[in-house]
Amino acid sequence: MGSPSTSEATLRAAWAALDVLCDPEIPVVTLRELGILRDVRWGGAGLEVVITPTYSGCPAMGQIEDDVRATLAAAGLQARIITQLAPAWTTDWMSEAARDKLRAWGIAPPQQRCASAQGGGASVLRFVRQAATAVVCPRCGSSHTVESSHFGSTACKALYKCLDCQEPFDYFKPY
Amino acid sequence: MSATANYLLHLADNAVVLGQRNAEWCGHGPVIEEDIALANVSLDLIGQARLLYQEAAARLGGDATEDRLAYFRDVPEFRNYTLLELPHHAALVGYAKTDLDYGVTIVRNFLYSALMVLVWDALQQSKDEQLAAIAAKSLKESSYHLRHSRDWLLRLGDGTDESHARTQAALDHLLPYTEEFWSASALEAEALAAGVDVAALRDQWNEIVDDALAEATLARPTFAGGYVTEGKQGLHSEHLGFLLAEMQSLARAHPQASW
């Protein structure tokens with residue numbers, strides 16, 4: 001760590017490099033937009049990058065760590081990468097820009113907030129009841145769609161079908 | 001108070017054993033969507049197990065690592081509920097082979113997820129910060145597993161005569177194993193210290209189960225009494241050994257391998 005002005009500049013350089021780093025699975029949105037890249041900061045031993053997994057078993061986490069390390073190295077930087085579990089990742093953190101990019105890429109973005117799904121409800125049946133929301137087809141904009149599977153090509157997505165344009169599509173689950 | 005490594009192992013073993021069982025459907029699912037769904041459920045469960053094994057390894061110290069805990073412990077050291085190690089078919093001796101029954105798979109995933117949403121919900125308030133963080137993540141996943149299995153429980157229970165009969169048979173077979181959720185043991189004291197009184201969740205669990213069974217037109221069998229399984233204390237059925245043999249053989253054949 002150098003003087004305060006050098007460390008400021010290093011932090012800015014690290015943010016600038018990581019800001020454009022995309023998710024390995026959905027290469028049109030950045031890790032920051034998805035809420036996976038949580039922080040870039042100075043720790044006791046130098047630069048630290050904090051990331052959080054979307055799902056406990058997300059197999060992309062290893063790749064993301066490697067990508068972060070390689071991106072920083074290309075900018076002449078080194079950092080300790082910290083995987084942080086709390087607060088648990090939620091699609092509520094996804095930026096509006098990220099939602100638009102997902103839609104353009106053919107993935108319907110999460111359509112409801114899920115902050116209320118957590119703890120302390122009046123009835124345990126809250127765990128099994130799901131508010132019915134019409135998922136909008138990312139291709140034709142129709143809300144005349146149906147879920148064909150709870151799980152899609154990755155843990156974070158469900159599989160839907162549009163009943164108007166007949167196209168199957170992925171839905172990024174509110175989580 | 002922080003959770004004991006033993007209690008973390010119980011939670012991790014539950015997740016890894018059911019994750020391994022569900023993964024047996026990979027490439028064999030009744031329809032491709034369910035093939036993918038079960039693989040995704042397994043991925044979540046194995047992810048939860050990894051987080052818990054990593055934490056247990058940190059607390060045990062010495063040469064403990066997540067891999068050593070998953071791959072180099074033997075049957076009596078596993079702390080999972082017996083329910084989770086049973087094969088995907090009705091009662092048979094351990095070496096017997098028969099078709100996998102999706103009814104058994106769905107009923108088991110439903111009964112277990114209905115418990116785990118309550119356990120994770122309580123544990124996310126745990127004073128043990130690492131466990132609380134794992135619980136908050138796992139709750140989201142288990143809620144989704146519950147919705148998935150409950151949905152299929154309704155389709156199968158309230159489906160054709162055959163799907164109804166087979167799902168009812170699966171329920172009659174598996175429900176007695178859930179008595180183990182509530183039985184007193186040294187582990188339950190460790191759970192309580194970690195932040196969850198499991199036996200006290202019974203009424204809420206019954207509410208989730210009875211609500212779904214009514215909608216699925218399935219009848220809840222009454223537990224006639226008798227042996228309550230003790231997998232959580234390391235006393236397992238003959239099926240766990242076969243499961244571990246398959247799961248652990250690669251790591252044991254190449255103990256220094258890394259990939």
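Predicted model: local features only at pLDDT ≥ 70, side-chain atom pairs only at ≥ 80, totals over all residues.
The phi angle of A:Q166 is near 70°, a positive value in a residue other than glycine. As for its surroundings, A:Q166 has 10 C-beta neighbours inside 10 Å and therefore counts as exposed, since the limit for that class is 12 or fewer.

B:T217 is not a glycine, yet its phi is positive, at about 55°. The residue is placed in the loop between α9 and α10 (239–253) of chain B. Because B:T217 has 13 C-beta neighbours inside 10 Å, it counts as partly exposed.

A:A86 and A:P87 are joined by a cis peptide bond, with omega at about -5°. A:P87 belongs to the loop between β3 (80–83) and α4 (96–105) of chain A.

The description now turns to chain B as a whole. Chain B contains 10 helices and 0 strands, so that its elements, read from the N terminus, follow the order α-α-α-α-α-α-α-α-α-α. Its C-alpha atoms fill a box of roughly 55 × 40 × 35 Å along the principal axes. For 259 residues, a compact globule would have a radius of gyration near 18 Å, and chain B agrees with this because its own value is 18 Å. Of the 259 residues in chain B, 49% are buried. Among the contacts in chain B with a separation of 6 or more, 77% are between residues 24 or more positions apart.

Two helix pairs illustrate how elements of chain B meet. In the pair formed by α2(B) and α5(B), the axes come within 11 Å and cross at roughly 165°. The two helices are therefore roughly antiparallel to each other, as angles over 145 degrees fall in that class. The crossing of α2(B) past α5(B) is left-handed. On the α2(B) side, the residues that take part are B:A37, B:V41, B:D44, B:Q48, B:L51, B:L52 and B:E55, and they meet B:Q130, B:I134, B:S138, B:E141, B:H145 and B:H148 of α5(B). The residues of this contact comprise 5 nonpolar, 5 polar and 3 charged.

The other pair consists of α1 (residues 5–23) and α8 (residues 186–194) of chain B, whose axes come within 9 Å and cross at roughly 100°. That angle makes α1(B) roughly perpendicular to α8(B). Here B:N6, B:Y7 and B:H10 from α1(B) meet B:L187, B:E190, B:A191 and B:A194 from α8(B). By class, this contact has 4 nonpolar, 2 polar and 1 charged residues.

Finally, the two chains touch each other. Their contact draws 30 residues from chain B and 20 residues from chain A. On the side of chain B that touches chain A, the elements giving two or more residues are α2 (32–60), α4 (102–123), α5 (129–157) and α9 (202–215) of chain B. Among these, α5(B) gives the most, with 12 residues. The residues on this side of chain B divide into 12 nonpolar, 8 polar and 10 charged.

Key:
Residues numbered from 1 in each chain as written. Chains lettered and ligands numbered in written order. Contact = placed C-beta atoms within 7 Å. Helix = DSSP H or I, 4+ residues; strand = E, 2+ residues; numbered from the N terminus. Nonpolar A, V, L, I, M, F, W, Y, C, P; charged D, E, K, R; others polar. Rg over C-alpha atoms; globule rule 2.2 N^0.38 Å. Buried ≥ 20, exposed ≤ 12 C-beta atoms within 10 Å, placed from the backbone. Axes fitted to C-alpha atoms, helices over the stretch in contact; angles between N-to-C directions. Parallel < 35°, antiparallel > 145°, perpendicular 65-115°, else oblique. Left-handed = near helix turned anticlockwise from the far one by under 90°.
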